[in-house]
Amino acid sequence: MPRLGRPGTRRGLLVAGAMAALLALTSCAAPQDSGDRTAQDAGIQLFQLPWNSIAGECETTLGPNGFSWVLTSPPNESIARDEWWASYQPVGYGLESRLGSREEFADMVARCDAAGVDVIADAVINHMTGQDAAGTGFAGTPYEHYAYRGLYAAADFHHCGLTTDDDILDYDSREQVQTCELVNLADLDTSSPRVRETIVAYLDDLLSLGVAGFRIDAAKHMAADDVAAIVGALPEGTRIISEVIRGAGEPVQPEEYTGLGEVFEFSYARDLAPQLESGVFADPELEGDRPLHVPADTAVVFVDNHDTERREADVTYRDGALYVIANALMLADDYGTPIVYSGYAFSDRDAGAPAGADGAVDQASCADATGPADAYDDGERTCVQSWPAIAGMLEFRAVAGDAPRLEGVDEGDAYGFEREGRGVVAVNVGAEEQTVEIPTSLPAGEYCDAITGGREPVTSDGCRGAVYTVEDGVARFELGPLVAAAIHADSRR
Ligand code: LM2
Ligand code: CA
């Protein structure tokens with residue numbers, strides 16, 4: 001495979017992009033229903049979007065575009081503050097939040113379900129608030145740092161005694177990471193049967209409303225045995241996705257949590273981003289497990305999420321066309337289950353979603369959105385779920401099924417690969433036009449592009465978007481700067 005990559009900097013790319021724009025465990029628990037899921041399975045995180053709005057998205061966009069599940073923000077009562085991260089400071093397990101009421105949550109689950117979309121709720125169960133002063137939650141429930149009415153008292157919390165203020169200081173210490181306080185958040189003693197039962201009752205309540213499963217927030221900060229005990233008490237088939245941020249050399253690793261479900265694999269975006277920035281691509285391990293990645297059937301992969309877009313993620317909605325390319329490569333891949341991310345634009349990392357005076361987050365709809373936009377105003381929804389390129393790649397994914405990813409071709413700043421016999425994806429992350437030719441067993445012919453053509457790229461009189469040709473066992477892509485292309489077995493015209 002030619003390695004003619006001209007290493008470029010991200011800044012160079014962005015300038016080029018702007019110029020182009022000017023021109024144009026444990027064993028005891030395993031309630032996992034991976035048997036029900038397919039290689040096409042793809043989710044979307046709708047960050048800080050109210051329940052009524054998510055219900056609408058399920059009907060107008062998520063279902064029709066082929067998303068099979070949606071990850072919501074935490075549904076329970078939390079501290080009453082405007083920052084988005086108030087959601088990560090629980091005051092109680094009543095379902096009254098800035099995103100909606102219990103009734104609205106239940107209605108959303110039912111409507112999403114009817115649209116063929118499972119709801120996965122973000123479960124914040126490692127901790128309660130990080131407030132030192134007593135306060136009142138969003139729904140009016142009074143609380144103190146170690147006192148939560150009807151739920152927990154001081155004896156239900158870890159008081160690790162390992163650091164001066166019981167905060168986590170050293171991520172090389174398993175004991176600190178799991179029993180001290182993460183940024184002062186009162187750390188539940190998840191080894192306690194009483195605490196476990198209280199958490200299970202909360203999760204059971206959400207299941208009774210029809211959720212399919214949970215993101216386990218801050219799972220790294222709970223012993224895998226503790227999470228396993230909680231998950232083991234839930235009905236079989238409950239989907240569990242643990243958030244365990246992989247840290248080099250740290251004692252707590254994601255592999256400890258794969259026995260109880262899936263985990264978010266942070267290595268995926270960390271590997272992808274530098275290739276997009278440099279234009280130097282390398283195939284991942286195509287046979288067997290990828291290094292520093294959990295096995296494919298337990299991995300949930302993402303380009304960015306609400307934490308990484310505020311932190312280390314190098315490719316986000318701000319990067320427009322490059323972000324489309326990142327998502328296209330992820331959705332074309334055969335590793336793990338992808339989750340696309342959709343939030344709102346921000347310049348202040350703490351800024352919450354636009355909300356009314358009472359704190360309730362404003363409703364929003366992406367039904368008519370196309371994208372990405374050239375620029376977003378602060379607070380504006382990115383609406384990634386509506387982008388034709390994303391819809392087109394979900395169709396590509398459905399057509400690709402479980403066909404394996406084959407060896408790729410790296411040509412200049414372009415790269416592409418085939419899903420054997422089912423589809424070919426190609427991208428150009430450079431500032432110059434670049435042609436890349438990818439061997440394929442797709443039949444010769446003209447193919448409509450799923451990136452520019454969307455979910456139904458073929459029309460009665462041709463292609464909705466770009467056209468690419470397969471001839472003599474080669475798919476040929478002449479790609480302008482920052483362009484992605486994808487053809488598949490059902491997009492031949
Ligand atoms: C997560 N996963 O493990 C969430 O994905 C992440 O968004 C959460 O952090 C974190 N763990 C706790 O659930 C966010 C946010 C923090 C914020 C916390 C708690 O990134 O900035 O911390 O939620 O709301 C904030 C302040 C921090 C303060 C803390 C406690 O930024 O300075 O610490 O509240 O009041 C004293
Ligand atoms: Ca903990």
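**Reading the features**

Reply: Let us begin with accessibility: histidine 221 has a relative accessible area of 6% and is therefore buried. The model is a predicted one.

Me: In which part of the chain is histidine 221 found?

Reply: Histidine 221 belongs to the loop between β7 and α6. Its C-alpha atom is 35 Å from that of serine 365, and the two residues are 144 positions apart along the chain.

Me: Which other residue of the loop between β7 (213–216) and α6 (224–232) deserves attention?

Reply: Alanine 218 is placed in that loop as well. The backbone angle is the feature to read here: alanine 218 is not a glycine, yet its phi is positive, at about 55°.

Me: Is alanine 218 buried or exposed?

Reply: Buried means under 20% relative accessible area. Alanine 218 has 5% relative accessibility, so it counts as buried.

Me: Where does leucine 292 lie, and what is its phi?

Reply: Leucine 292 is located in the loop between α7 (267–278) and β10 (299–301). Its phi is positive, about 55°, although leucine 292 is not a glycine.

Me: Is leucine 292 buried or exposed?

Reply: The cut-off for exposed is over 50%. With a relative accessible area of 62%, leucine 292 is therefore exposed.

Me: Which peptide bond is cis?

Reply: The angle to read is omega. The bond from glycine 371 to proline 372 is cis, and its omega is near 5°. Proline 372 itself sits in the loop between β11 (337–342) and α9 (388–400).

Me: What are the two values for threonine 61 and glycine 359?

Reply: Threonine 61 and glycine 359 stand 298 residues apart in sequence, with 27 Å between their C-alpha atoms. Threonine 61 is in helix α2, which covers residues 51–65. Threonine 61 is buried because its relative accessible area is 4%.

Me: How is alanine 201 classed by accessibility?

Reply: Partly exposed residues fall between the cut-offs for buried and exposed. Alanine 201, at 46% relative accessibility, therefore counts as partly exposed. Alanine 201 lies in helix α5, residues 193–208. Along the chain, 144 residues separate alanine 201 from glutamate 57, and their C-alpha atoms are 29 Å apart.

Me: Which side chain makes a polar contact with that of threonine 141?

Reply: A polar contact is read from the distance between N or O atoms, with a limit of 3.5 Å. The side chain of threonine 141 has a polar contact of 2.7 Å with the side chain of glutamate 77. Threonine 141 is in the loop between β4 (135–136) and β5 (142–144). Its relative accessible area is 14%, so threonine 141 is buried.

Me: Let us turn to the ligand. How many residues surround ligand 1, and which are the closest?

Reply: Ligand 1 is surrounded by 17 residues, and the closest are Trp85, Gln89, Asp217, Glu243 and Asp307. Sorted by class, this shell has 7 nonpolar, 5 polar and 5 charged residues. As for its place, ligand 1 takes up the space of the second largest pocket.

Me: How far is an oxygen atom of ligand 1 from polar atoms of tryptophan 85, arginine 215 and glutamine 131?

Reply: For tryptophan 85, the distance is 2.7 Å from a ligand 1 oxygen atom to a polar backbone atom. For arginine 215, an N or O atom of the side chain is 3.0 Å from an oxygen atom of ligand 1. For glutamine 131, the corresponding distance to a side-chain N or O atom is 3.5 Å.

Me: How much of ligand 1 does the protein bury?

Reply: Ligand 1 taken alone exposes 670 Å², and the protein buries 77% of that area.

Key: Residues are numbered from 1 along each chain as its sequence is written. Chains are lettered from A and ligands numbered from 1 in the order in which they are written. This is a predicted model: local features need pLDDT of at least 70, side-chain atom pairs count only at pLDDT 80 or more; totals for chains, interfaces and linings use all residues. Side-chain values use heavy atoms; hydrogens and water are left out. Helices (H or I, at least four residues) and strands (E, at least two) are DSSP runs, numbered from the N terminus. Buried means under 20% relative accessible area, exposed over 50%, partly exposed in between (1.4 Å probe, protein chains only). A residue is near a molecule or strand if one of its heavy atoms lies within 4 Å of it. A polar contact is a pair of N or O atoms within 3.5 Å; within protein, one must be able to donate a hydrogen and the other to accept it, and residues adjacent in sequence count only if both atoms are side-chain atoms. Accessible areas come from the Shrake-Rupley method with a 1.4 Å probe; for residues, only the protein chains shown count as cover. On a 1 Å grid over the protein atoms alone, a cavity is a set of points where a 1.4 Å probe fits but cannot get out, and a pocket is an open set with protein on both sides within 12 Å along at least five of seven lines; lining residues have an atom within 4 Å of a point. A molecule sits in a cavity or pocket if more than half of its atoms lie within 2 Å of its grid points. Ala, Val, Leu, Ile, Met, Phe, Trp, Tyr, Cys and Pro count as nonpolar, Asp, Glu, Lys and Arg as charged, and the others, Gly among them, as polar.
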